[in-house]
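This briefing is meant for a reader who is meeting the structure for the first time. It moves from the core to the sheets, then to the ligand and to a few individual residues.

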Amino acid sequence: GTARAATSSGDRTGYPTGAHVRLEGVLKSFPLGQRERLVAVDHVDLELEPGSLTALTGPSGSGKSTLLHLVGAIERADSGSVRVDGHELVGASRARLTRYRRSVGFVFQRFHLLPSLSVLDNVLVPLLPERAERAGAVERARELLDAVGLAAREDALPATLSGGQQQRVAIARALVVRPRLLVADEPTGNLDSRTGRSVLDLLLGLRATHPMTVVLSTHDPLVAAACERTVHILDGRTVAA
Ligand code: ADP
Ligand code: MG
């Protein structure tokens, strides 16, 4: 395929090719009633090489979303180590986690667009208000809308777009922060298989111009097959393929 091993030192253009993510012995549990805890991620070791494309597969409730939330610092692990480019997230300060979280691109199954904002304004959301006001921000948002084929719809409201189009807006929004890491939780899960495939192809194609590490979860074997690597999750643990 088009995949190629990349190094953290960067590609020909001198830009970094993506974040290096390393999980070791990661444990995440949630309270279950008064005394018990449900272990959602159970001592997971996982390495995402810079520039790699990884699919997490596994049944509903196996811990895929929780694992992605740990990688994106939406949740904090109970124990173990989550290092991104050598920086430890477990035990990091709130301020550092907030800064890190803003640097990660996130795509969700249900798009999560703000219904009252135009397509263009939705793409600008991840930029802090003061940064979004800078001229370059709008220019960049427009470039990304062009890249996802929605330049003509920047003034439209999300509800007037198809599911596939809404997910394209969500992808543009995820990329507006120039993420070195893109996390996508079932990005094609709400789309019919053909639309899902086109959204996936878009994501894969964007890696040529926006080098980054990508990790996604999926139920769709065709989506998983299009990724360089599949990691199967069962009961919060990685299972050898
Ligand atoms: P998947 O994405 O593979 O369907 P999840 O990561 O969403 O799996 O869930 C893994 C397990 O953790 C499930 O048993 C789920 O009910 C539980 N879980 C996930 N998030 C929470 C939460 N915020 N509070 C309590 N339990 C949760
Ligand atoms: Mg999930």
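A nonpolar core is a set of buried Ala, Val, Leu, Ile, Met, Phe, Trp, Tyr and Cys residues that are joined through C-beta atoms within 7 Å. The model shown here is predicted, and the largest nonpolar core in it has 61 residues. The strands described below belong to an open sheet of 4 strands and an open sheet of 6 strands, and helix α1 lies across strands of the one, namely β1, β2 and β4, as well as across strands of the other, namely β3, β7, β8 and β9.

**The nonpolar core**

- Within the largest core, the residues with the most contacts are V123, L145, A172 and V183, while helix α6, which spans residues 163-175, gives the most to this core, with 6 residues.
- When its neighbours within four places in sequence are left aside, L145 is in contact with V119, L120, V123, L150, A151, E154 and A172.

- Strand β1, made of residues 21-32, pairs with β2 in the antiparallel sense over 10 bridges, and K28 has V41, in β2, as its bridge partner.
- These two strands, β1 and β2, form a hairpin with 3 residues between them, and in the turn G33 has a positive phi of about 70°.

**The sheet of 6 strands**

- This second open sheet has the order β6-β7-β8-β3-β9-β10, with mixed pairing, and its twist averages 25° from one strand to the next.
- Why is one side of β6 and of β10 left without a neighbour in the sheet? Strands β6 (105-108) and β10 (237-239) stand at the edges and each has a single partner strand, so one side of each has no neighbour there.
- Strand β3, residues 53-57, and strand β9, residues 229-234, run parallel and are joined by 4 bridges; the bridge partner of T57 in β9 is H232.
- Helix α6 packs on the sheet, where it touches β6 and β7, and its direction makes about 160° with that of β6.

**Helix α1**

- Helix α1 covers residues 64-71 and is mostly covered, with 8 of its 8 residues buried; these are K64, S65, T66, L67, L68, H69, L70 and V71.
- Where α1 lies across β1, β2 and β4 (79-84), the helix runs at about 60° to β2, and where it lies across β3, β7 (181-185), β8 (213-217) and β9, it runs at about 155° to β8.
- Just after α1, A73 takes a positive phi of about 60°.

**Surroundings of ligand 1**

- Ligand 1 is surrounded by F30, L38, A40, G58, S60, G61, S62, G63, K64, S65 and T66.
- The elements that give two or more residues to this shell are β2 (36-48) and α1, and the largest share, 3 residues, comes from α1.
- By class, the shell around ligand 1 has 3 nonpolar, 7 polar and 1 charged residues.

- Most residues other than glycine have a negative phi.
- H112, however, has a positive phi of about 55° although it is not a glycine; this residue lies in the loop between β6 and α3 (119-124), and H112 counts as partly exposed because it has 14 C-beta neighbours inside 10 Å.
- D235 likewise is not a glycine and has a positive phi, of about 50°; its place is in the loop between β9 and β10, and D235 counts as partly exposed because it has 14 C-beta neighbours inside 10 Å.
- The C-alpha atoms of E130 and R99 are separated by 15 Å, and the two residues are 31 residues apart along the chain.

Methods
Residues numbered from 1 in each chain as written. Chains lettered and ligands numbered in written order. Predicted model: local features only at pLDDT ≥ 70, side-chain atom pairs only at ≥ 80, totals over all residues. Buried ≥ 20, exposed ≤ 12 C-beta atoms within 10 Å, placed from the backbone. Near = placed C-beta within 6 Å. Nonpolar A, V, L, I, M, F, W, Y, C, P; charged D, E, K, R; others polar. Contact = placed C-beta atoms within 7 Å. Pairing = 2+ DSSP bridges. Axes fitted to C-alpha atoms, helices over the stretch in contact; angles between N-to-C directions.
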